[in-house]
Each structure stands twice: as structure tokens, then as C-alpha cells.
Amino acid sequence: MDIALLGGTGDIGEGLALRWAYDSPHDVIVGSRDADRAANKAEEYETELDSRGVEVSIDGLANEDAAARADVVVAAVPAYHLTDTVEAVADELEPTDVLVSPAVGMKRDEAGFHYNRPGAGSVTQLAAGAAPEDVPVVGAFHNLAAGRLANLDVTFDWDTVVVGDDGDAKATVMELAESIDGLRALDGGPLENAAEVEAVTPLLINVARHNDGMHDLGLEFR
């Protein structure tokens, strides 16, 4: 499959791009609002992978061009850019595509990080509202530690909870998730359950901040 990572120059985008290019046979396309920035990052990723004996070609394109070429489009952007990003590529999305949102809305105060639930119910539901009605939207990869994900020198045993209303689209994303070594996909039910998944991310950050040796936390259900 062709996977476009809109905002693929950022933290979670970098991690997913490197892991899919390193662990799977899927083709990765890095997207950005700035095509030159995307091309430069794609070249950096290729260089990193080549240093590990993996020769792959990663294209870097403007978000719209990346989405037009992809089967699966991951909106790897902060929650406050999500709606604008999805709307900008909406004309390039087809009913056979899958749009994936890993974004989490958070706010911070003196106590720590807190889930910032939007009026739509969840950030994933915001993505669904911005996408064309016939394009399935799936929530996944919300609780991954981006730094550890992007560091190919480390391993992990993490779970990612996947939510969505379209069974085929959800199955596609779960298969893609499990093509990353050390990542297990679990079905979290329909899109309406996205808020419960997203709300775990600030909890992980708060635990990591207050406990020594627990940075880059992930989830594993037993």
C-alpha cells in the first residue's frame, strides 16, 4: 500500500515513516504544507535507513499531492491543525482511501497535562467531520511515544487501540499497525469510543513526568 503521512516531518510522522519503511513492504510518502520541507525530510529518512542497510525510496510532496497518491492517509499533525489539514486535501481523497487520525487534544496547567475534549466528542470525530462523507475515518496510534518510535535502535511491545465505523477500513489500519515490529493492534470499537482512547495520552505523559526511568511510555494490555 501507499501510505501518505501528512505532517510527516513532525514527531509522530517521523516515527511512523521510519518504522513502516524499515519494517514493512509498504511505500511511504512524506507530506507537508511545504513541498521542499517534505522532500528534505524524506531524504533524511532515506539516509537514516540506508545507514542501516535498508534501501528504500521515500517521496516528499506537498500534502495535497501526497494524499492524491496514497491508499491510506495519516493526518500526523497536531490537533489544532487537523481540521485545516483534512479540508485542504479533501478533494484528493477517494471513497476507497482510508483517513487515519492519531491526533490528541491536550491542555496544560500547573498540575500537568489534561485531555481537551472538543465539541465533536473527540479529535478523531473532528477529522471525520472535516473529511468527505464517503471517506472512512479511523483513529489509531494515539498513545505512541514519538521519540521511541522514531529511534530505530530501540524495541518496544506496545498496543495501539483502533477505532472506526467502517470494518474494512479499520481492518486495513490494524494490518498496517501490526506491520510495525513490536506493535499490536486492538479493536476499540466504533468511532464514538475515540475520546476514551485519546484521553489516555495525557495520563501517560503525566506518569512519565513524575516517575524516574519511565519516559517514552506506551500501552500494553494483558
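The expected span of a helix is 1.5 Å times one less than its number of residues. The views below show a predicted model.

**View 1. Helix α1 and its span.** Helix α1 covers residues 11-23, a run of 13 residues. From the first C-alpha to the last, α1 reaches 18 Å, which is close to the 18 Å expected at 1.5 Å a residue.

View 2. The buried residues of α1 include I12, G13, G15 and L16. Also buried in this helix are A17, L18, R19, W20 and A21. Among the elements that cover the buried residues of α1 are the strands β1 (2-6), β2 (27-32) and β4 (72-75). The cover also includes the helices α2 (35-50), α6 (146-150) and α7 (167-178).

**View 3. The open sheet of eight strands.** The strand order is β3-β2-β1-β4-β5-β8-β9-β10, and the pairing is mixed. At the edges are β3 (59-62) and β10 (183-187), each of which pairs on one side only. On average, neighbouring strands of this sheet are turned by 30° against each other, direction ignored.

**View 4. Pairing of β4 with β5.** Strand β5 spans residues 98-101 and pairs with β4 in the parallel sense. The two strands are joined over three bridges. In one of these places, V73 has L99 of β5 as its bridge partner.

**View 5. Two helices lying across strands of the sheet.** Helix α2 lies across β2 and β3, and runs at about 165° to β3. Helix α7 lies across β1, β4, β5, β8 (137-139), β9 (158-164) and β10. The angle between α7 and β10 is about 160°.

**View 6. F141, a residue with positive phi.** Most residues other than glycine have a negative phi. F141 is not a glycine, yet its phi is positive, at about 65°. This residue is placed in the loop between β8 and α6. Its relative accessible area is 2%, so F141 counts as buried, the cut-off being under 20%.

**View 7. D216, a further residue with positive phi.** D216 is not a glycine either, and has a positive phi of about 55°. The residue lies in the segment after α9 (200-210). D216 counts as partly exposed because its relative accessibility is 30%, and this class lies between the limits of 20% and 50%.

Methods:
Residues numbered from 1 in each chain as written. Predicted model: local features only at pLDDT ≥ 70, side-chain atom pairs only at ≥ 80, totals over all residues. Heavy atoms only, no water. Helix = DSSP H or I, 4+ residues; strand = E, 2+ residues; numbered from the N terminus. Buried < 20%, exposed > 50% of the residue type's maximum accessible area, 1.4 Å probe, protein only. Contact = heavy atoms within 4.5 Å. Pairing = 2+ DSSP bridges. Axes fitted to C-alpha atoms, helices over the stretch in contact; angles between N-to-C directions.
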